[in-house]
Amino acid sequence: MFAVSGCGLLFVEGPPSTIPEDATSVRCTESKTLPTIDYVWSGLNVIGSFIILGQHEALKREVESQPRGATSYQLEKSRTYYRTGLSASLQGLLFWLSGNRGSKKISACRDAVDMIEMRYR
């Protein structure tokens, strides 16, 4: 999973901060593929977190219905579900932020390319 993490943040190149008047091209990323990968991973992590947190809640209800209470195994399993669900939610947020940052860089790149093309029409 971490092989594709943060594509929009790490691998998307925005346009330079200043573009010379005589520039005929600008080197930056125009494809939205990398931020899209981040958005997909974000969605998968959020969906996974809902599933895992649902498992946590189901186990919690099961334990509450037992007259003897929870076993140590059930308590540890419940804690693991909870931590994993929160971790997946956080990863989903981070992937979304990375995709958002990459999308903004790409929009700026496309605007810069359009500006240069308008100069030479």
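This passage looks at helix H3 and some of its residues in a predicted model. Residues are numbered from 1 along each chain as its sequence is written, and side-chain values use heavy atoms, with hydrogens and water left out. Because the model is predicted, local features need pLDDT of at least 70 and side-chain atom pairs count only at pLDDT 80 or more, while totals for chains, interfaces and linings use all residues.

Helix H3 covers residues 72-119 (helices are DSSP runs of H or I with at least four residues, numbered from the N terminus). Ser 98 sits in this helix and is buried, at 4% relative accessibility (buried means under 20% relative accessible area, exposed over 50%, partly exposed in between, with a 1.4 Å probe and protein chains only). Beyond its neighbours within four places in sequence, Ser 98 touches Gly 6, Cys 7, Gly 8, Leu 9 and Asp 38 (contact means heavy atoms within 4.5 Å).

The structure has one salt bridge (a side-chain nitrogen of Lys or Arg within 4 Å of a carboxyl oxygen of Asp or Glu). It joins Glu 76 and Arg 79, at 3.4 Å from N to O. These two are three residues apart in helix H3, so about one helical turn separates them. Glu 76 is partly exposed at 37%, and Arg 79 is partly exposed at 42%.

Then there is a nonpolar surface patch of about 560 Å², made by Tyr 39, Leu 90, Leu 93, Leu 94, Trp 96 and Leu 97 (patch residues have over 30% relative accessible area and no salt bridge; nonpolar side chains, namely Val, Leu, Ile, Met, Phe, Trp and Tyr, are joined within 5 Å, and like charges within 9 Å). Areas come from the Shrake-Rupley method with a 1.4 Å probe, and for residues only the protein chains shown count as cover. H3 gives the most to this patch, with five residues. Leu 97, one of the patch residues, is partly exposed at 40% relative accessibility.
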